[in-house]
Amino acid sequence: MQYVWPLGEDARTVRHARTIIRDELSALGLSPDLVDDAVLMVSELVTNALMYGEAPYELGLHVDAREVMCVVVDGSPLLPEPAEPDATAEHGRGLSIVARLSDGFHGCHPQRYVTHPHLVGKATWFALPRQGSAGNVVPIRSGV
């Protein structure tokens, strides 16, 4: 299952992206902890795209029987670089949060847009195992 949404260019976009991911993953019956982690990481990736990337922006969600992957694409060719930790800084911890919550299953690479196939941007992503609360794989809903 794959979904892609074009994103706007203003601060409301972050809230919109969080709502999309929360609604989609909750509808799959995934654990609230996994949903909360994914929502936080999407918030960080979209914020970074808006602050440091270039339009257009899109949000992708890929779900299969084993994992959930969220992808944020923006038009800047510059790859993100994690900042040195600074406890007093207001910014600069987003990629560290993503790295920690995804257990290192994250990255960035060039990618074609789904919503604008003639454009190439960069995809910043993370993946989480699709586990139920009892550690069992949750089956994919049919008809989605």
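**Close-up views of a predicted fold**

View 1. Let us begin with Cys108, which counts as partly exposed because its relative accessibility is 25% (buried means under 20% relative accessible area, exposed over 50%, and partly exposed in between, with a 1.4 Å probe and protein chains only). This is a predicted model, in which local features need pLDDT of at least 70 and side-chain atom pairs count only at pLDDT 80 or more, while totals for chains, interfaces and linings use all residues. Residues are numbered from 1 along each chain as its sequence is written, and side-chain values use heavy atoms, leaving out hydrogens and water. Now compare Cys70: its relative accessibility is 1%, so Cys70 counts as buried. The structure holds 0 disulfides (a disulfide is a pair of cysteine sulfur atoms within 2.5 Å). Look also for Leu78, in the loop between β3 and α3. Leu78 is exposed, with a relative accessible area of 63%. From C-alpha to C-alpha, Leu78 and Cys108 are 10.0 Å apart in space, although 30 residues separate them in sequence.

**View 2. The whole chain.** Step back for a moment to see how the pieces are arranged. The protein chain has 3 helices and 5 strands; helices (H or I, at least four residues) and strands (E, at least two) are DSSP runs, numbered from the N terminus. Along the sequence, they follow the pattern β-α-α-β-β-α-β-β. Of the 144 residues in the protein chain, 38% are buried. The accessible surface of the chain comes to about 8200 Å², and 54% of this belongs to carbon and sulfur atoms (areas come from the Shrake-Rupley method with a 1.4 Å probe; for residues, only the protein chains shown count as cover). Take the contacts between residues at least 6 apart in sequence: 63% of them join residues at least 24 apart (contact means heavy atoms within 4.5 Å).

View 3. In what order do the strands of the open sheet lie? The 5 strands run β1-β2-β3-β5-β4, and their pairing is antiparallel (two strands pair if DSSP finds at least two bridges between them). β1 and β4 (106–112) stand at the edges with a single partner strand each, so one side of each has no neighbour in the sheet. From one strand to the next, the twist averages 20 degrees. Helix α2 packs on the sheet, where it touches β1, β2, β3 and β5, and its direction makes about 165 degrees with that of β5 (axes are lines fitted to C-alpha atoms, for helices over the stretch in contact, and angles run from 0 to 180 degrees between N-to-C directions).

**View 4. Strand partners.** Start with β1 and β2, which run antiparallel and are joined by 6 bridges. Here Trp5 stands opposite Leu59 in β2. On to β2 and β3: they pair in the antiparallel sense over 6 bridges, and together they form a hairpin with 3 residues between them. Leu61 has Cys70, in β3, as its bridge partner. β2 is mostly covered, with 6 of its 7 residues buried. Finally, 8 bridges join the antiparallel strands β3 and β5, and the bridge partner of Val73 in β5 is Ala123.

View 5. Helix α2 (residues 32–52) has 21 residues, so at 1.5 Å a residue it should span 30 Å; its end C-alpha atoms are 30 Å apart, which agrees (the expected span is 1.5 Å times one less than the number of residues). Among the buried residues of α2 are Leu34, Val35, Met41, Val42 and Leu45. What covers the buried residues of α2? The cover includes β1 (2–7), α1 (12–27), β2 (57–63), β3 (67–74), α3 (94–101) and β5 (120–129). Asp36 is also in α2, but Asp36 counts as partly exposed, since its relative accessibility is 38%. Asp36 lies 7.5 Å from Arg22, C-alpha to C-alpha, and the two are 14 residues apart in sequence.

View 6. Most residues other than glycine have a negative phi, and most peptide bonds are trans. Ala55 and Pro56 are joined by a cis peptide bond, with omega about 0 degrees. Pro56 sits in the loop between α2 and β2. Asp103, which is not a glycine, has a positive phi of about 55 degrees. You will find Asp103 in the loop between α3 and β4, where it counts as exposed because its relative accessibility is 64%.
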